Amino acid sequence: MKKVYEGKTKDVYALDDGNYRLKFKDDVTGENGVFDPGANTVGLSIEGIGKKNLAVSVKFFEMLKKAGIVTHYIRADVENGTMDVKKAKPFGKGLEVICRYRAVGSFIRRYGAYINEGEKLDAYVEATLKDDHRGDPLVTVEGLEALGIMTAAQFEEIKSMTRNITALIKDYLQKKGLELYDIKLEYGVDDSGNVLLIDEISSGNMRVYKDGKVLDPMDLSEYILSE
């Protein structure tokens with residue numbers, strides 16, 4: 001295998017068959033040792049969280065497969081912390097799509113003059129460019145078109161997919177007495193130009209609350225994986 005990308009929470013290797021292998025790490029995003037799924041830096045390491053994130057991702061990818069939602073997932077080896085995925089090209093240099101049910105994190109930092117922390121949002125979808133040096137700037141659909149990153153039609157497709165995916169995950173968590181506040185997803189296109197969900201769907205990519213308190217990634221993973 002040839003390493004083609006070294007990320008914050010996982011590394012990417014090229015396989016001989018044209019697909020890719022993701023190797024999950026024990027690092028999570030955050031600042032000053034505090035977990036934050038919206039942060040653009042590694043905030044802390046949690047022993048064992050890499051395999052937990054992989055197990056959670058497999059659970060959700062299999063769930064989406066049954067629902068007919070297209071993703072890059074092929075197979076996984078949880079014991080070795082790896083997931084094999086289809087070849088897909090990210091939009092631009094990487095785009096993060098966030099679906100929000102409550103006003104927290106960067107949303108409240110930006111718009112706190114207009115809304116109180118924790119207020120409900122109606123599956124609000126926004127996109128940010130993956131750019132650590134510029135603080136992952138928010139981008140509009142017009143901006144995405146102007147920069148040649150994607151078309152308005154592709155963004156509408158992604159927005160629809162995001163709401164469908166997030167609704168399934170929200171319902172699953174709700175059955176366990178948990179509330180999804182927000183989730184971060186990523187998309188790409190295959191060689192035929194089809195849009196598909198990429199990256200991971202793990203506890204490190206979402207804020208989930210129980211009894212009014214946010215769950216840390218390890219505790220959330222345990223809830224998700226429990227029968």
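In which sense, left-handed or right-handed, does α1 pass α5? I began my notebook with that, keeping in mind that this is a predicted model.

**Entry 1: two helices meeting.** I looked up the pair and found that α1 passes α5 in a left-handed crossing. On the α1 side, I listed I49, K52, N53, A55, V56, K59 and F60 as contact residues, and on the α5 side P217, M218, S221, E222, I224 and L225. Sorted by class, that contact has 8 nonpolar, 2 polar and 3 charged residues. I also noted that α1 (residues 49-66) and α5 (residues 217-225) pack at an angle of about 40°, their axes being 10 Å apart.

**Entry 2: helix α4.** I checked its length next. With 23 residues at 1.5 Å a residue, α4 (residues 152-174) should span 33 Å, and its end C-alpha atoms are 32 Å apart, which agrees. Then I looked for its buried residues, which are F155, I158, M161, T162, I165, T166, I169, Y172 and L173. A handy reminder to myself: residues three or four places apart point the same way because an α-helix has 3.6 residues a turn.

**Entry 3: the open sheet.** Here I traced 3 strands in the order β5-β4-β6, with antiparallel pairing. Since β5 (34-35) and β6 (42-45) are at the edges with a single partner strand each, one side of each has no neighbour in the sheet. I saw 2 bridges joining β4 (residues 27-31) to β5, and G30 stands opposite F35 in β5.

**Entry 4: a hairpin.** Lastly, I followed β7 (residues 73-77) and β8 (residues 82-85), an antiparallel pair with 4 bridges. A76 has M83 in β8 as its bridge partner. Between the strands lie 4 residues, and G81 takes a positive phi near 70° in this hairpin.

Notes. Residues numbered from 1 in each chain as written. Predicted model: local features only at pLDDT ≥ 70, side-chain atom pairs only at ≥ 80, totals over all residues. Heavy atoms only, no water. Expected span 1.5 Å × (residues − 1). Buried < 20%, exposed > 50% of the residue type's maximum accessible area, 1.4 Å probe, protein only. Pairing = 2+ DSSP bridges. Axes fitted to C-alpha atoms, helices over the stretch in contact; angles between N-to-C directions. Left-handed = near helix turned anticlockwise from the far one by under 90°. Contact = heavy atoms within 4.5 Å. Nonpolar A, V, L, I, M, F, W, Y, C, P; charged D, E, K, R; others polar.
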